[in-house]
Amino acid sequence: MSQRESATIDSIDNILRLNLVIPKYQRPYKWTEKNITDLINDIEACHDEFVKFKGDFRYRIGSIILFHREDMGCYEVVDGQQRILSLLLLILSLDPGFSGSTLLNQQFDNKETIYNLHNNYGKFRQWVASLDDKFKADLRVMFSSTLEAVILIVTQLEEAFQLFDSQNSRGRALYPHDLLKAFHLREIADKYELKSAVSKWEAYAQENIRELFDNYLFPIRNWSRQLKCYSFKSSDIDMFKGIEADSAYSYAKRAHRASPYFQLTETFIAGSDFFLMVDHYMQMLHNIKEEIITDERLSFIREVFVGSGTPQSVSEFDQSRLRSARSKGMVYAQELFLCSLLCYYDRFRNFNVNAVKNLLLWAMMLRLDMIHLGYDSINKYAIGDGNDRYSNNIAMFSLITNARRHSEIVSLTISVHESNNDSQEARDLLVILTKLKS
């Protein structure tokens, strides 16, 4: 165990009396009546053992991970909020005058959280009302002696999330973008900015934010620097931590002047700008896909991605292209093109047809070049790593990033020709690309 973390075992009563805070980066309180029923069943079984052994019995409900905010003298709940809040509701049902927890002062804005807290409190009150006085008295004693948990306290937020990833096998592990959300929320001092940042974040499905970082922001940042990249991990988040608001560095002053205008390959000011940046590129990616659907000049993209179909929405476009792809390699090539188009549009703000054609030809020729197209080939191709098997050795992302005018992409010569890949997918693709090239 790290010197910066400590583990103890304590009663639920003592844990609830710590100076606890549910941080803004936490997910909503999602426990429903089914979870409460399961907890009640566990407690009833625990009570049977409590009576049997005349109180000489311990029941451990699991582990709780806390981040010690030394600057504020409180403990942020990183893992365990569902159980902690549920047990607090149970104590309040037993003793409505209970005032020993700082969580009673916590303000919750999320509607799902408020709804579930209200419903579950009603469920607990209904159950407590059915108990006799002896059971109620036993239960109150059990909170201070029998019911306990392992508390893991860390002083580094990154460690807290790493512990969460490794220990919470029953729940979804926090992704790197969750860690970034927590980091940047802590950089915001103004409560109105904080509320606005959370609203922007929660406006999107979390799987879509994850996709934005995994499939677009992280690869483009690396490929533009001619660096290979694979999955976006917690160890990679420094790339998106931005610059401290009070930094005196020259590049920081330049970023301040540019705010809130963003470039995929450039840094930004930590805090509110991170949420503006995520919102900006979520919208840009959506708008690009919408343009592909609606702009007849770009119908050649639809032909490659979805065949003769005409998607009516962005979600339908995404579903259709994945269904239409006959191989994982084709999916990789599609995503490579979408990355290059996002990188291009981010820099030049236009859909020049000839430039877009070149990007599509460049990405799709890799599918023709490789019989078995894996992500390692995508990496090499994206950064222009010379390989005789590739028809077009162009470091496309670096080229776009350093181009002064979009005409530099328009003037590229992209080679289109037959290859050793004689799959039906490759033959059909070659027909489309040849027609597009002519």
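**Reading the cavities**

Analyst: The largest cavity holds about 60 Å³ of space. This is a predicted model, where local features need pLDDT of at least 70, side-chain atom pairs count only at pLDDT 80 or more, and totals for chains, interfaces and linings use all residues. Residues are numbered from 1 along each chain as its sequence is written, and side-chain values use heavy atoms, with hydrogens and water left out.

User: How many cavities of 30 Å³ or more does a search of the whole structure find?

Analyst: Start with the idea. Rolling a probe the size of a water molecule over the atoms shows where empty space is left. A cavity is a set of points, on a 1 Å grid over the protein atoms alone, where a 1.4 Å probe fits but cannot get out; lining residues have an atom within 4 Å of a point. Points are joined across faces, edges and corners, and a volume is the space filled by probe spheres set on them. Here the search finds three cavities of 30 Å³ or more.

User: Which residues line the largest cavity?

Analyst: Among them are Leu217, Arg221, Phe240, Phe262, Met277 and Tyr281. Helices H9 and H11 each supply at least two lining residues. A helix is a DSSP run (H or I, at least four residues), numbered from the N terminus. By class, the lining has seven nonpolar, two polar and two charged residues. Ala, Val, Leu, Ile, Met, Phe, Trp, Tyr, Cys and Pro count as nonpolar; Asp, Glu, Lys and Arg as charged; the others, Gly among them, as polar.

User: What about the second largest cavity?

Analyst: Its volume is about 50 Å³. Helix H14 gives the most to this lining, with three residues. The classes are two nonpolar, three polar and two charged.

User: Is phenylalanine 262 buried or exposed?

Analyst: Buried means under 20% relative accessible area, exposed over 50%, partly exposed in between (1.4 Å probe, protein chains only). Phenylalanine 262 counts as buried because its relative accessibility is 10%. It sits in the loop between helix H10 (250-258) and helix H11 (272-294).

User: What is phenylalanine 262 in contact with?

Analyst: Contact means heavy atoms within 4.5 Å. Leaving aside neighbours within four places in sequence, phenylalanine 262 contacts residues including Phe268, Leu276, Met277 and Asp346. Leucine 276 is 14 residues away in sequence and 9.1 Å away in space, C-alpha to C-alpha.

User: Where is asparagine 215 placed?

Analyst: Asparagine 215 is in helix H9. It counts as partly exposed, because its relative accessibility is 26%.

How values were computed: On a 1 Å grid over the protein atoms alone, a cavity is a set of points where a 1.4 Å probe fits but cannot get out, and a pocket is an open set with protein on both sides within 12 Å along at least five of seven lines; lining residues have an atom within 4 Å of a point.
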